[in-house]
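Keep the structure in view while reading.

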Amino acid sequence: MRTPETRGVSGTALSSATRLQAVLFDMDGTLVETEQYWGEAMFGLARELGGEFSAAARERTVGTSMRVAMDILYADLGVVRTEDQFLADAAWIEDRVAVLLGGEIHWRPGAQDLIAEVRHAAVPTALVTTTPRRLADIVLGAIGRAFPDVPPFDVTVCGDEVPARKPDPAPYLQAMAALGVDPGGCVVLEDSVAGATAGLAAGAAVLGVPSLQPLSPLPGLVLRSTLDGVGLADLDDVLAARDAVDA
């Protein structure tokens, strides 16, 4: 249990009534409606390669690394690309997504209110995304404008800053280490299979809020259809549900 003297990264004392040590958020599809931009870019690249990317294959790319996503795309199109061609294709995708991110970015329902409540309680936070830093910073700028007084995240970890990407636990373990928190006291928020798998493998409890990809029940994973109405008490319940499974 946390004691009254336990403090968050901001230095403000945390309530002894909560076991929650930190909240770690995925970005695309969890906090903001940006996952579709990756889909739009991949559909566009498929047309450039002379094919059509199927919706079923696109669904399997949600939350994955660029390498995995492109392998799915190539297999769906029935094309073989060299390493140099893959690098050029990946750059094409990233450049297209950067343009799309320059437009308006919309919150997922309930996400902004949840961050506000977590920050008000001085619970440490991290953003953990597979998106590379140059693109994530565009989104972080938009998110940050909604929080002019307190930065929304104490730590941010991007896909090009980790030794392995989701579903490997490395990104979440890196964020937890930077926050100085125990995985057992962390809740991860995710919308994808890869992300939920990574959070569970890191030792966290996971709140899954699927957007473009369905999530199946797993031990330690609590599913909600939306973050609308989700607050700190609900995150404590996610931890309790995980602990009940482990008991």
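Strand β4, residues 186-190, is mostly covered, with five of its five residues buried. The model is a predicted one.

Side chains of β4
- C186, V188 and E190 point one way from β4.
- V187 and L189 point the other way from β4.
- Residues on both sides of the strand are buried, and this includes E190 as well as V188 and L189.

- Strand β1, residues 22-25, is joined to β4 by four bridges, and the two strands run parallel.
- Within this pairing, L24 is the residue that stands opposite V188 of β4.
- Strand β5, residues 205-208, is also joined to β4 by four bridges, and these two strands run parallel.
- Here V188 stands opposite V206 in β5.
- To get from β4 to β5, the chain passes through helix α8, residues 193-201.
- This β-α-β crossover is right-handed.

R133 and its contacts
- R133 lies in helix α6, which covers residues 133-145.
- The side chain of R133 makes a polar contact of 2.7 Å with the side chain of E161.
- Leaving aside residues up to four places away in sequence, R133 touches L140, T156, V157, C158, D160 and E161.

Terms used
Residues are numbered from 1 along each chain as its sequence is written. This is a predicted model: local features need pLDDT of at least 70, side-chain atom pairs count only at pLDDT 80 or more; totals for chains, interfaces and linings use all residues. Side-chain values use heavy atoms; hydrogens and water are left out. Buried means under 20% relative accessible area, exposed over 50%, partly exposed in between (1.4 Å probe, protein chains only). Two strands pair if DSSP finds at least two bridges between them. A crossover is right-handed if, with the strands pointing away from the viewer, the path from the first strand over the helix to the second runs clockwise. A polar contact is a pair of N or O atoms within 3.5 Å; within protein, one must be able to donate a hydrogen and the other to accept it, and residues adjacent in sequence count only if both atoms are side-chain atoms. Contact means heavy atoms within 4.5 Å.
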